[in-house]
Amino acid sequence: MTDADTSQYGRTMLILFWVGLVAVLLWAFSDYLDQRRRVESSETGTYKEVLLNSSRGGHYIANGEINGQPVRFMVDTGATLVSIPATVARDLGLRGEGKGVAQTAGGPIEVRYTLLDRVRLGNIELENVPASINPDMPGIDEVLLGMSFLRELEVTHRNNELRVRQYN
């Protein structure tokens, strides 16, 4: 083996080491992000409670369910309805029942209305939740968990935690 071969072999091994290290870090970071989306649920005789931790961007993102199917929610107290991207609605088999206009940060958009049989966040589940299907959210797979779900609940924000309570 010549010095050039040894040098090439060393460079190749160094590159493989760094690629492997980056892959392990990405895997660990994705696991960390997934844990941040998990919902801590508790229950007393008086209420059910869900505790969410904020993301680094200050948003509350959590795994949940619509009609028994898994979705990722972003809590949005400024949204009147639960707002579902059209691609997610299609995956969930949802159909719009009527048309309307929603006011968004980007201006008015045309939406389709629907009624969700069940929406679940942790151990809190509500039935017959009004929602909109938003065609103007390409590439976004998070459902905005708006006030049509939250108005039935007590929501408290403190120290980068969001506590959501449903009283019995």
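This report describes strand pairing, the nonpolar core and the salt bridges of a predicted model.

Strand 4 (residues 69–75) runs parallel to strand 9, and the two pair over 4 bridges. One of the residues involved is Val75, whose bridge partner in strand 9 is Leu145. Strand 9 covers residues 142–145.

Leaving aside residues up to four places away in sequence, Asp76 touches Leu144, Leu145, Gly146 and Met147. The C-alpha atoms of Asp76 and Leu144 are separated by 5.8 Å, although these residues stand 68 residues apart along the chain.

## Nonpolar core

The largest nonpolar core contains 29 residues, and those with the most contacts inside it are Val82, Ile84, Leu116 and Phe149. Strand 8 (residues 124–134) gives the most to this core, with 5 residues.

Val82 has contacts with several segments of the chain. Beyond residues up to four places away in sequence, the residues that Val82 touches include Leu116, Val129, Pro130 and Ala131, as well as Val143, Leu144, Leu145 and Phe149.

## Salt bridges

The count of salt bridges comes to 9. One of them joins the side chains of Glu49 and Arg163, with an N to O distance of 3.0 Å. Glu49 lies in strand 2 (residues 47–53) and Arg163 in strand 11 (residues 161–167), so this pair ties together parts that are 114 residues apart in sequence. Glu49 counts as buried because its relative accessibility is 7%, whereas Arg163, at 31%, is partly exposed.

A further salt bridge links Lys99 and Glu110, whose closest N and O atoms are 4.0 Å apart. Lys99 lies in strand 6 (residues 98–104) and Glu110 in strand 7 (residues 107–121), so the pair ties together parts that are 11 residues apart in sequence. Lys99 is exposed, with a relative accessible area of 57%. The side chains of Arg118 and Glu125 also meet in a salt bridge, at 3.9 Å from N to O. Both partners are partly exposed, Arg118 at 33% and Glu125 at 28%. Through shared partners, salt bridges join Glu49, Glu154, Glu161, Arg163 and Arg165 into one network.

Key:
Residues numbered from 1 in each chain as written. Predicted model: local features only at pLDDT ≥ 70, side-chain atom pairs only at ≥ 80, totals over all residues. Heavy atoms only, no water. Buried < 20%, exposed > 50% of the residue type's maximum accessible area, 1.4 Å probe, protein only. Pairing = 2+ DSSP bridges. Contact = heavy atoms within 4.5 Å. Core = buried A, V, L, I, M, F, W, Y, C linked by side-chain atoms within 4.5 Å.
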